[in-house]
Each structure stands twice: as C-alpha cells, then as structure tokens.
Amino acid sequence: MKARTLCSIIYDAMYSILRQVKRRSLLQSWMLALLAVRIGEAQIMDGELRVTVRDPAGRAVAARVRMTGRNPQFHAEAQTDANGQAWLRRLPRGVYRLAVHCAGLEEFIDTIEIRSAVPQQKEIALQIESVTTEITVEAPAPLIDPSQSGLVLRAGRDQLEQAFGTTLGRSTSEIITSMPGWLLEANAVLHPRGSEYDTQYVIDGMPVYDNRSIAFAPAFENGEFEAVSVMTAGIPAEYGRRLGGVVALDTHRIVRPGHASELDFQTGSYGTYLGSLFHRYRADSTAASLGVHAGHTGRYLDPPSIENFTNKASAGGVNVRLERDLTDRDRVVLYLRRNRTGFLVPNDLAQQASGQRQDRLSEETAGQIQYQHVFSPHSLASVHGLVRDLTARLWSNALSTPIYAEQSRGVREGAFAGNVTIDRQQHTLKFGSDFRTSRIRERFRFARPAGLPSFELDFEGRRRSVEAAAFVQDHVRLGNLAATAGCRIDHYRLLIRDTALGPRLGLSYYIPVADLLLRASYDRIFQPPPMENLLFSSAAPGLDLDRVEGALAVPASRANFFEAGFGKSLGNRLRADVSHYWRDFRNFIDDDVFLNTGLSFPIAFDRARVEGTEIRLELPGWRSVSSYASYSNMRGQASSPVTGGLFVNGGATEELRGFVKRFPVSQDQRNTVAAQVRVEAHRQLWIAAGVRYGSGLPVEAETEGEDVGANKGARGTLSIPSNILDRVNFERGRLRPNFSVDFGLGLRFWQRDERSVSLQIDLRNASNRFNVINFTGLLSGTALAAGRQVTVQIRTRF
C-alpha cells in the first residue's frame with residue numbers, strides 16, 4: 001500500500017471518529033485543525049541533500065561527496081552508490097562548501113545553502129581532468145550566512161566530545177553556558193537572559209517544557225547528542241510556551257554503512273565514574289542505534305557546606321533510535337529513552353549533626369515518533385507524536401531538621417504536532433499546529449520532627465492541563481535583505497484559562513563589501529506557569545503557611561522581547577556577533593527554593609525588565625588553533641507583589657505579597673565571561689585552556705554579615721562559616737566574583753580508518769578557588785561551587 005494512500009485512510013478514519021462527538025470540545029477543534037493540514041514540529045538539524053554524480057558521458061560514477069561549514073561548524077561525507085547517488089541526511093541549516101571528487105575527473109566545488117527540512121537535489125556532471133598543471137586556492141565556507149535573520153549558536157559533535165570533563169549530569173549544561181546570555185545557577189539550573197524556568201528543549205524536533213535541571217529530572221549528557229544549538233532572540237513562531245531560550249538537542253547521526261560503536265569511560269574527583277556505550281547500524285534504507293549509560297558521583301548537587309555532606313548520586317539510562325525510509329518520499333523515525341537518577345540531598349552543618357538523611361529520585365520514560373512525507377521538490381509535511389511520564393520523589397528520615405518533608409509528583413503527557421514546509425527560491429513558508437495534554441499529580445507534606453507522626457501540612461492535588469497552538473511563518477529572501485515574519489496563537493488551560501496571540505518579526509541586511517550582517521528582531525511572548533509544584537504553589541497562600549490569606553493561581557507570563565545586533569567576519573577567519581536586547585515582562589516567573597532540598601515552587605512577580613549586551617567571538621579553525629570567547633552584560637529588575645511560592649519563614653513574605661517593591665532579579669549577574677583556546681600541537685595531540693568568570697549574583701539577606709555569622713541564618717541553620725561570609729559583599733548586596741581556570745590535554749594514541757582510541761585529561765578550577773554560587777536568603781539557600789577537579793576520559797571508536 002502506498003504511503004500516501006495510508007495517510008488518507010488514517011485521515012478519513014480519525015475525521016470520522018471526531019464527527020461522532022456530538023459536542024465539539026477544545027480537543028476536537030484542535031485535532032481537526034491538525035488533520036486539515038496534516039502537519040509536524042520543526043527541528044534545527046533537519047536538512048537533507050541528495051546528490052547525483054555522472055561523468056561527461058552521463059554514466060554514474062563512484063565519487064566522494066563532502067560538505068563543510070563554518071557557521072555552523074559541520075562536516076559530512078558520503079560515497080555515491082551504483083546509481084551515482086549519495087544522500088547526506090540530518091544537516092544543520094547554513095551555508096556550506098560542497099566538494100565532489102572522483103579519480104581521473106576534475107573536482108567539483110560549489111556553495112550550497114540548507115534552508116529547511118525540504119530535501120534538496122543536485123545533479124553534478126564531472127569534467128575530464130585537465131592535463132595543464134594549475135594552482136588553485138580554494139575558498140573556505142563562508143562565516144556569515146547572508147539570509148540569517150536570527151542568531152543560532154551551535155556546538156557540534158567534536159566540541160561535545162572534547163569538552164572539559166565534569167561530574168554527573170552537567171556536561172550538556174556546561175556546553176550551553178559557554179555561549180553568551182546563559183547563566184548556570186545552583187544545581188545546574190539554566191537561566192537564559194535572566195529568566196527562570198523559561199528554557200525550552202527540543203529533542204529531534206519535539207519540544208519538552210519542564211525544568212531539566214539535575215534536581216528536577218534526569219540530566220542530559222553530551223554523549224547522547226550530535227549537536228546542541230541555542231536561540232535567545234528572533235525565535236520563529238513555531239516555538240512557544242518557554243522562550244527565555246530554546247535549546248535544540250539533535251541525537252546522533254547514523255551515516256556510515258554497517259556497524260559502528262563508541263565506548264566512553266570517565267573517572268575523576270569526588271568519586272565520579274561515568275560510562276557509555278553507543279552502537280549504530282545503517283543498511284540501505286534502515287538506520288538504528290542503541291545507547292546505554294551509567295554513572296556515579298560523590299558530588300551531585302551544589303552543597304550548602306564545604307564538607308559536601310551526603311551528596312551522592314547514581315544514574316543510568318538507555319535510548320533507542322530507529323529510522324526507516326519507506327520510499328524515496330516517506331520516512332518514519334522512532335525514538336525511545338528511559339533514564340533514572342537517585343541521589344541524596346546535601347546536608348548543612350546542623351542537619352549533619354542531627355543525622356538527617358533525605359533521598360530523592362527522578363525517572364523519565366518517553367517515546368516519540370515522526371512520519372515525514374515529501375510532496376514535491378519544494379514541499380514537505382511531517383507529523384510528530386510524543387508520550388512521556390516523569391516522576392520525582394523526596395523522602396526523609398525521622399532525624400530531619402528543621403522540617404521533615406515528603407514529596408511525590410509527576411506528569412504524564414501526550415502530544416501531537418505537525419507542520420508543512422514549502423521552500424521556494426525567495427520564500428520558505430511554514431505553518432502548523434500542536435495539541436498537548438498532561439495529567440499532573442502532586443503530593444507534599446511536612447512536619448516538625450517533634451510533631452511526627454502528625455503532619456502540619458498534607459497536600460494532594462491532581463489536575464489535567466490542555467495546551468494547543470497554531471502558527472504560520474515565512475522566511476523571505478530579497479537580495480541582501482531577509483525577513484522572518486510569523487504569528488502564533490496559544491491556548492492554555494489548567495488552574496487558569498488563557499489565550500494569547502504572539503507576532504514575531506526578524507529582519508537582516510547583508511553588506512557584502514564589509515561582510516557585515518545587520519539584524520533586529522521582535523518577539524511577543526506568552527509563557528504558561530511552570531508545572532513543577534504548581535498545584536501546591538498556587539494553593540499555598542491559602543494554607544496558613546505565611547500569615548497571608550487567600551489563594552491565587554500563578555498567572556501566565558507575557559513579555560515583549562527586542563534585540564538589535566550584527567555579525568561580522570574578520571579576515572574570513574574570525575566571526576564576531578554582537579547583540580543588545582531588552583525584555584519587558586508582566587508576571588515574571590521565578591521560584592522559591594525550599595530549604596536546601598533542591599525543591600522549588602514557582603512564583604510570579606508583578607513586573608520585570610531585563611536588558612543586556614552580548615558578544616561572541618569565534619575562531620572556527622585557523623591552522624591548528626580554534627577558540628571562542630563569550631561576554632554578557634545584564635541588568636534585571638523585578639517588582640512585587642508576588643503570587644505563589646512556599647515561604648516558610650513568614651514576615652518578609654507579607655511585604656512581597658502586599659506591597660510594591662523593586663529589586664534585582666535573582667539571576668542578575670552583571671558580567672559573565674567564558675573563553676577557551678584549543679591547539680592541535682600534533683595531528684594526534686591537542687591542548688586546551690579555558691576560563692570562566694562571573695561578577696556575582698545578588699544577595700537577598702537583609703542582615704549584616706556579622707549578624708548572619710553570629711546568629712542563625714535566614715533559613716534557621718547553624719552559624720555560617722566565615723569563609724562563606726568572606727565571599728559575600730554585604731555593602732553591595734552581592735556575592736563576590738567567581739573565577740575558574742581550566743586546562744585539558746588530549747592524545748589520540750591509536751587510529752586506523754574510522755577506528756581510534758583517545759585519552760583526555762582535564763583539570764577544572766586549577767587554582768582551587770572557593771566560589772559561592774548562591775547565598776542564603778528568602779528565595780534561595782546557600783550553594784557552593786566545586787573546587788579543583790581532575791577527570792580522565794578514554795574514548796574508543798570501532
């Protein structure tokens with residue numbers, strides 16, 4: 001049966017079922033909208049090039065096809081088959097240098113642009129090699145994409161593999177924070193441009209909106225992915241709900257025919273052991289991969305005490321990907337993953353003395369499927385489906401202090417999404433829709449240890465959320481001018497009902513004589529409240545916890561994002577990107593951290609404004625040197641009153657809830673720097689050095705340093721050690737700057753064709769500088785950064 005006929009049967013069957021529903025619900029309306037266009041969600045690494053190579057007589061030839069790019073940095077190769085055809089799949093969008101080589105024939109070189117998921121076809125006729133000797137200087141791929149209206153930063157497979165080693169669960173977040181605009185707070189929580197909770201992850205084209213920090217969900221690791229790409233402005237209308245920043249995670253490309261495996265092992269400081277095995281297979285129209293990973297560490301969360309009490313964690317997981325080309329026009333992709341992490345909550349001095357033990361567990365099972373159909377050389381449609389279950393638990397022993405707490409929460413969700421892409425010479429039109437429903441469950445209770453087995457609070461809630469959206473966008477290219485215009489409509493229903501319209505606009509103009517790209521963008525943002533502990537957080541003000549009467553649900557956030565900037569190639573070797581942005585929020589989402597458990601409860605400040613400037617310098621590869629430098633300057637101010645949260649201290653919360661007060665947002669770090677230089681001293685030896693700097697986050701404590709040290713801290717714990725207090729500038733109300741210098745050495749001591757064995761040794765925070773990430777206050781607890789770390793990584797490819 002042909003795939004197109006199969007689609008029609010499915011379409012007709014689902015349409016008939018929906019017609020039987022007498023009362024047209026919101027679900028039915030959105031499902032009909034989806035079926036009307038038969039569409040799917042996008043991903044960044046979704047391009048495809050099909051090359052046909054022939055000799056001067058028109059016969060198929062065996063040739064090597066190579067694509068190289070520097071924005072993004074990417075390299076792909078393929079060998080033509082008996083018909084002279086080669087397919088290069090899963091290509092990131094950008095401008096590339098295409099080279100085709102066949103012995104005895106003249107090499108073909110051209111520039112090609114990948115603009116969308118619609119497969120491009122290129123027929124190449126090689127000419128007989130000239131007898132005359134010529135010296136040809138080949139121009140590298142361009143650093144500036146003239147049609148790029150929004151900045152996308154990307155770390156490819158090489159950068160992910162060669163990143164400095166770290167402890168369990170932090171490798172991917174470390175890559176993201178090497179890019180400007182991203183701040184890493186306690187427990188590997190990512191903050192894009194001053195926002196809390198507002199990071200959207202897109203895994204092979206399917207978005208995930210929950211908090212992915214290591215205290216909330218099983219972590220992502222670099223070994224699972226081919227590339228990590230980020231956007232913070234000029235965000236296309238297809239993306240919604242979490243738009244502080246978008247992180248696209250593309251799983252491994254399966255290119256080489258036959259079997260191939262990767263076996264990695266890492267060991268290092270804090271009793272850290274990490275291991276992973278990845279196996280892939282390709283034959284004709286089928287590709288499959290299997291990955292397993294496991295790890296253990298003695299330092300998982302960022303502890304409140306120097307001694308790093310009770311901070312162990314163990315994790316493991318498996319993922320499977322199956323890709324099948326049904327025909328030249330039809331493709332099905334299935335991706336399954338299962339991950340589990342168990343860890344202890346780190347104690348402070350008082351908790352350790354009392355004998356407290358608090359355990360936490362997070363586990364996730366997810367499956368997603370994609371069907372893609374190419375209608376013509378210019379149009380493509382795909383449909384995505386997702387089912388996922390995420391569970392998180394906390395339990396305590398009877399010696400816990402100051403509060404005995406238990407929690408069990410989770411979400412079970414299903415999603416269906418789609419889009420249609422029409423790619424023409426001057427336009428790339430995309431339109432689509434999605435529907436998502438989640439079953440949220442929460443159980444939270446606590447008591448003073450002396451009061452057990454009675455509980456002062458015992459909360460349980462279950463609700464179902466419904467979210468739906470539709471979008472249309474067009475990428476227009478008119479000479480040196482490019483524009484991306486789109487609009488999105490979102491509907492959200494859980495504790496509140498809300499609908500919003502979000503226009504998006506991005507403009508760019510390329511000046512060839514200066515190799516300069518000017519760009520500007522506007523994004524109207526709608527962000528539903530985060531689902532983590534949302535039911536309890538919205539009900540907490542009515543539970544007599546902080547002497548504030550009445551319960552209000554945490555509202556949805558709305559914002560206007562503006563950005564202006566430019567990209568400039570310097571000598572066609574160095575690329576510079578400069579951006580200035582400002583963001584105005586209504587109902588700015590933040591969180592209230594519950595003691596040092598890593599649990600947090602969403603809150604919303606009435607208003608906020610965040611403004612900053614970012615600079616990125618990147619040397620993709622000059623001789624044997626590659627490097628980057630990122631700088632961010634940011635200022636964020638929020639104002640009360642506040643909605644939601646669990647403020648167990650009382651007092652100050654009345655001021656936050658009932659009066660208007662302006663203060664820095666908790667992620668208001670004014671200056672952030674990340675830089676790295678990598679040198680290939682030999683074909684098989686490389687060295688690297690990096691630096692990280694942060695000027696310090698604001699401090700919420702209202703007492704002077706001497707009072708904090710002499711008495712109990714804001715969270716009711718024992719006296720705070722003087723070396724922690726020394727890292728706080730109470731006069732400025734900020735932590736003192738944090739700083740880290742890192743070094744790495746890599747050696748590939750055996751290689752034969754595609755098989756290799758390499759060793760990498762890294763030294764993090766070489767000076768063993770004592771850095772404080774957060775200091776105890778109303779919205780957060782104390783969190784300390786890691787000291788000196790040594791890691792050893794062994795990578796085997798066979």
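Rings of Phe, Tyr and Trp, taking the six-membered ring for Trp, count as a pair if their centres lie within 6.5 Å; planes under 30 degrees apart are stacked, over 60 edge-to-face, and the rest tilted. With that in hand, look at F444, F446, F459 and F536: they form one aromatic cluster.

A word on the source. This is a predicted model, where local features need pLDDT of at least 70 and side-chain atom pairs count only at pLDDT 80 or more, while totals for chains, interfaces and linings use all residues. Residues are numbered from 1 along each chain as its sequence is written, and side-chain values use heavy atoms, with hydrogens and water left out.

Back to the rings. The structure holds 14 aromatic pairs. Take F444 and F536. Their ring centres are 5.1 Å apart and their planes sit at 50°, so this pair is tilted. F444 belongs to strand β23 and F536 to helix α6, so the pair ties together parts 92 residues apart in sequence. Helices (H or I, at least four residues) and strands (E, at least two) are DSSP runs, numbered from the N terminus. Both F444 and F536 are buried. Buried means under 20% relative accessible area, exposed means over 50%, and partly exposed is in between, with a 1.4 Å probe and protein chains only.

Now the core. Which residues have the most contacts inside the largest nonpolar core? They are Y300, F444 and F594, in a core of 41 residues. Strands β18, β21 and β23 and helix α6 are among the elements that each supply at least two residues of this core. Apart from it lies another core, of 24 residues, including M45 and L91. A nonpolar core is a set of buried Ala, Val, Leu, Ile, Met, Phe, Trp, Tyr and Cys residues joined through side-chain atoms within 4.5 Å.

S379 is in strand β21. Is S379 buried or exposed? Its relative accessibility is 13%, so S379 counts as buried. Leaving aside residues up to four places away in sequence, S379 touches V118, V374, T421 and I422; contact here means heavy atoms within 4.5 Å. S379 and P119 are 260 residues apart in sequence, yet 8.7 Å apart in space, C-alpha to C-alpha.

Last, charges over rings. The charged end of R193 sits over the ring of Y581, 4.0 Å from its centre. R299 has its charged end over the ring of Y270, 5.8 Å from the centre. The cut-offs: NZ of Lys or CZ of Arg within 6 Å of the ring centre and within 35 degrees of the ring normal.
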